[in-house]
Amino acid sequence: MAGRLDGKVAIVTGAGSGIGKAIAERFHREGAAVVVVDLKADRAEAVASELGDRAVPIAADVTRPEDNQRAVATAVQRFGKLDIFMGNAGVFDGFLSLPQYQTPDQLVEMFDRLFAVNVKGYLLGAYAAVPELLKTQGTLLFTASTAGFYTNQGGIIYTMSKHAVVGLIRELAYELAPKIRVNGIAPGGTFTDLRNAIPLGAEFGDPDKRSLFDMPGLDQFIIQSTPLRRVNRPEDHAAVAAFLASDDAAGLTGVIVHCDGGYGIRGA
Ligand code: NAD
């Protein structure tokens, strides 16, 4: 059976781990050639070599314009074009509320670092990809979050960043129509390696092991607050991303699919 993305060329950022890795795997399984972008070279290489044919790794920092340009140039050089750019690389803020910041410097550092990845990284990726996507009538996709819509899905800075991602998706969908479709996914809590943008000190555990999901009891918190009583897996989000990237979604733009087990339709 033909794959839904046969003949397409995709870039996925943050594809070395978690949701991005699952998306790269799914896009590839659906027939796409995939440029696997991650800050960590070993992760990008491991995913690309696991995929094998039709995959190339790139160690790149999405906060740098030249790294985004390099990813797009690689897609074109290696596979001849670009059809799908999936901005996904992101970092977290450890659920810190505003008063929990110990100094203004810590607040500024978290803001600058987190917004550089979660917001500027997506903007720079879109900027680099659009000229090629105009040629293919391609598509932009971004990983937002329940934090783009609701409170207490992150701390103040992460929540602000994901609200900005919602604005990015909606405005770009308007600006780039009718040639480029722009959509997003909004995962709820998902067990990955999601890291804080800056080290948050001893009370948040060993700095080398500060994934969000090292927080004790988080799985029960997600299950209890989710109508479907489940923690979605990266593969659940990847299935939605593959649909949005495919021609089956030719009539959709400015859409953000809430991959959150019904979090947003809870009663009071
Ligand atoms: P993850 O840490 O498992 O994967 C993110 C990847 O991005 C890592 O491999 C990391 O090395 C890479 N990365 C970080 N900074 C980068 C940079 N500057 N340049 C290039 N790559 C960089 O985390 P994840 O949970 O899979 O996160 C993926 C996306 O999903 C993020 O945008 C995150 O905000 C979003 N999200 C996650 C959850 C969740 O509960 N895990 C929920 C909603 C949204």
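This is a predicted model: local features need pLDDT of at least 70, side-chain atom pairs count only at pLDDT 80 or more; totals for chains, interfaces and linings use all residues.

Trainee: Start with the ligand. Which residues come nearest to the ligand?

Mentor: The shell around the ligand holds 28 residues. Ser17, Asp38, Asn88, Tyr158 and Thr192 come nearest.

Trainee: Which elements each supply at least two residues of that shell?

Mentor: Three helices do: α1 (18-29), α4 (104-136) and α5 (156-176).

Trainee: How do the shell residues divide into nonpolar, polar and charged?

Mentor: There are 12 nonpolar residues, 11 polar and five charged.

Trainee: Now the polar atoms. What lies 2.6 Å from an oxygen atom of the ligand?

Mentor: A polar side-chain atom of Asp38. Backbone atoms take part too. Asp193 places a backbone N or O atom 3.1 Å from a ligand oxygen. For Leu194, a polar backbone atom is 3.3 Å from an oxygen of the ligand. As for cover, the ligand on its own has 830 Å² of accessible area, and the protein covers 96% of it.

Trainee: On to helices. What is the general idea?

Mentor: An α-helix has 3.6 residues a turn, so residues three or four places apart point the same way.

Trainee: Take α1. What span does α1 reach from its first C-alpha to its last?

Mentor: α1 reaches 17 Å with 12 residues.

Trainee: Which residues of α1 are buried?

Mentor: Ile19, Gly20, Ala22, Ile23, Ala24, Arg26, Phe27 and His28. Note that Arg26 and His28 are on that list. After the helix comes Gly31, with a positive phi near 110°.

Trainee: Next, the core. What is the general idea?

Mentor: In soluble globular proteins, nonpolar side chains tend to be buried together.

Trainee: Which residues of the largest nonpolar core touch the most other members?

Mentor: Ile11, Leu140, Phe142, Leu172 and Val182, out of 33 residues in that core. Two or more core residues come from each of β1 (9-13), β2 (33-38), β3 (55-59), α3 (65-79), α4, β5 (139-143), α5 and β6 (181-187). Helix α5 gives the most, with seven residues.

Trainee: Let me stay with α5. Is Ser161 buried or exposed?

Mentor: Ser161 sits in helix α5. Its relative accessibility is 0%, so Ser161 counts as buried. The Ser161 side chain has a polar partner: the side chain of Asn118, at 3.3 Å.

Trainee: And Ala173, buried or exposed?

Mentor: Ala173 is also part of helix α5. Its relative accessible area is 5%, and the cut-off for buried is under 20%, so Ala173 is buried.

Trainee: Now backbone angles. Where is a cis peptide bond?

Mentor: Between Ala177 and Pro178, with omega about 5°. Pro178 belongs to the loop between α5 and β6.

Trainee: Which residue has a positive phi of about 65° although it is not a glycine?

Mentor: Arg54. Look in the loop between α2 (41-51) and β3. Arg54 has 33% relative accessibility, so it counts as partly exposed. Phe95 also has a positive phi, about 60°, and is not a glycine. Phe95 is in the loop between β4 (84-87) and α4. At 22% relative accessibility, Phe95 is partly exposed.

Notes
Residues are numbered from 1 along each chain as its sequence is written. Side-chain values use heavy atoms; hydrogens and water are left out. A residue is near a molecule or strand if one of its heavy atoms lies within 4 Å of it. A polar contact is a pair of N or O atoms within 3.5 Å; within protein, one must be able to donate a hydrogen and the other to accept it, and residues adjacent in sequence count only if both atoms are side-chain atoms. Accessible areas come from the Shrake-Rupley method with a 1.4 Å probe; for residues, only the protein chains shown count as cover. Helices (H or I, at least four residues) and strands (E, at least two) are DSSP runs, numbered from the N terminus. Ala, Val, Leu, Ile, Met, Phe, Trp, Tyr, Cys and Pro count as nonpolar, Asp, Glu, Lys and Arg as charged, and the others, Gly among them, as polar. The expected span of a helix is 1.5 Å times one less than its number of residues. Buried means under 20% relative accessible area, exposed over 50%, partly exposed in between (1.4 Å probe, protein chains only). A nonpolar core is a set of buried Ala, Val, Leu, Ile, Met, Phe, Trp, Tyr and Cys residues joined through side-chain atoms within 4.5 Å.
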